[in-house]
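My notes follow in the order in which I checked things.

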Amino acid sequence: NAAFAALGLNWRYLAFEVRPDDLRAAIAGARAMQFSGLNLTVPHKLLAMQIVDELDVSAKTWGAVNTVRFEARDTGGQWQPLHHFSEPISGEVRSQGFNTDSDGVARSLREDLALELGGAKVLLLGTGGAGQVAALRLAVENVSELFLIDFVSAKAEAVAQEIRKRHPRVKVAVGFPKGPVDLLLNATPLGLKPGDPSPLDEKQFSLRQTHAVYDMIYNPPETALLKAAKAAGCRASNGLGMLLHQGAKAFEIWTGQPAPLDVMRRALEAEVYQSTVHSR
């Protein structure tokens, strides 16, 4: 919303809670009301792959949808974003799914942890929608070893098999590493709610065995995992940078205009950190 205001766009970004069983109807409703687009979060990113009308190459590559753009045909028969049209649209409107999480997490890891991903050893907790995207992106970035942990081991094994097929040079295993790693990345929702247990079983792996910890959760800004990581002497970052960059990319997909990153960053930091102060 801060970005829309900065560019003088009469747009609004709103939040809606939608049950997985209602996702298809919600996307159809947004299309009928001619929304410009949607963002999807847990637990909708994998399910949306089967619902949207068309998949962008980013969604096909990373296997999840977190951004939807609605489009219609112009007079030449080409699909265009709805903002392209000045008159009401009477013809067919389709939904196209994109993934902006991949670029967001890679950029945030570099900026917020000063981490060089090439050749790194990484322990990834969680292989759901965001975790799967992170795993595949880390493989593309040529990490040397990737260790996957998930409550449902079959999910982690399926992601591992996909990486072995696409990126055979990357060593990937399901389970905890025996030795140290360069990065521990939490892609589970554990830490979102007060009283959540840690996503890490420290009997299996000690935080002192990693140099850096990244938690995709950004609210609360310091989860129990990040607090413990700092106490163990690790470089640590929450997921605010990932949220910023994936959101900026979604903004550009919808509007066709460059995102005002500084404006978006200031608004995010004020919202997340100020709301935390007030809640105390």
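Which residue is the bridge partner of Val122 in β7? I looked it up and found Leu146.

Ground rules first. I am working on a predicted model, where local features need pLDDT of at least 70 and side-chain atom pairs count only at pLDDT 80 or more, while totals for chains, interfaces and linings use all residues. Residues are numbered from 1 along each chain as its sequence is written, and side-chain values use heavy atoms, with hydrogens and water left out.

**Entry: the sheet**

I took helices (H or I, at least four residues) and strands (E, at least two) as DSSP runs, numbered from the N terminus. Two strands pair if DSSP finds at least two bridges between them. I found an open sheet of 6 strands in the order β8-β7-β6-β9-β10-β11, with parallel pairing. β8 and β11 (235-237) stand at the edges with a single partner strand each, so one side of each has no neighbour in the sheet. From one strand to the next, the twist averages 15 degrees.

I then went back to strand β6 (residues 121-125), which runs parallel to β7 and is joined to it by 5 bridges. Besides the pair I started with, I noted that Leu123 has Phe147 as its bridge partner in β7. For burial I used relative accessible area: buried is under 20%, exposed is over 50%, and partly exposed is in between (1.4 Å probe, protein chains only). By that cut-off 4 of the 5 residues of β6 are buried, and the strand is mostly covered.

**Entry: helices on the sheet**

Contact here means heavy atoms within 4.5 Å. Axes are lines fitted to C-alpha atoms, for helices over the stretch in contact, and angles run from 0 to 180 degrees between N-to-C directions. Helix α4 (residues 101-113) lies across β9 (181-186), β10 (210-215) and β11, and runs at about 130 degrees to β10. I checked α6 as well: this helix packs on the sheet, touches β7 and β8, and makes about 165 degrees with the direction of β8.

**Entry: α6 in detail**

I checked the length of helix α6 (residues 153-166). The expected span is 1.5 Å times one less than the number of residues. For the 14 residues of α6 that gives 20 Å, and the end C-alpha atoms are 20 Å apart, which agrees.

Which residues of α6 are buried? I listed Ala156, Val159, Ala160 and Ile163. Down the axis of α6, these buried residues fall within an arc of 100 degrees, so they line one face of the helix; the arc is that of the directions from the helix axis to the C-beta atoms. The background is that an α-helix has 3.6 residues a turn, so residues three or four places apart point the same way. Ala154 and Lys165 are exposed on the other side of α6. I found the buried residues of α6 packed against α5 (129-140), β7 (145-149) and β8 (171-174).

**Entry: α2**

I repeated the burial check on helix α2 (residues 23-32), where Leu23, Ile27 and Ala30 are buried. The buried residues of α2 fall within an arc of 60 degrees when seen down its axis, so they line one face of the helix. On the face turned away from the buried side, α2 carries the exposed residues Arg24, Ala25 and Ala32. The cover over the buried residues of α2 includes β1 (37-39), β3 (67-73) and β5 (93-98).

**Entry: backbone exceptions**

Most residues other than glycine have a negative phi, and most peptide bonds are trans. Gln34 lies in the loop between α2 and β1 and counts as partly exposed at 33% relative accessibility. Asn142, in the loop between α5 and β7, has a positive phi near 65 degrees. Its relative accessible area of 43% makes Asn142 partly exposed.

The peptide bond from Val42 to Pro43 is cis, with omega near 5 degrees, and Pro43 is in the loop between β1 and β2 (54-55). I logged another cis bond between Asn219 and Pro220, with omega about 15 degrees. Pro220 sits in the loop between β10 and α7 (224-231).
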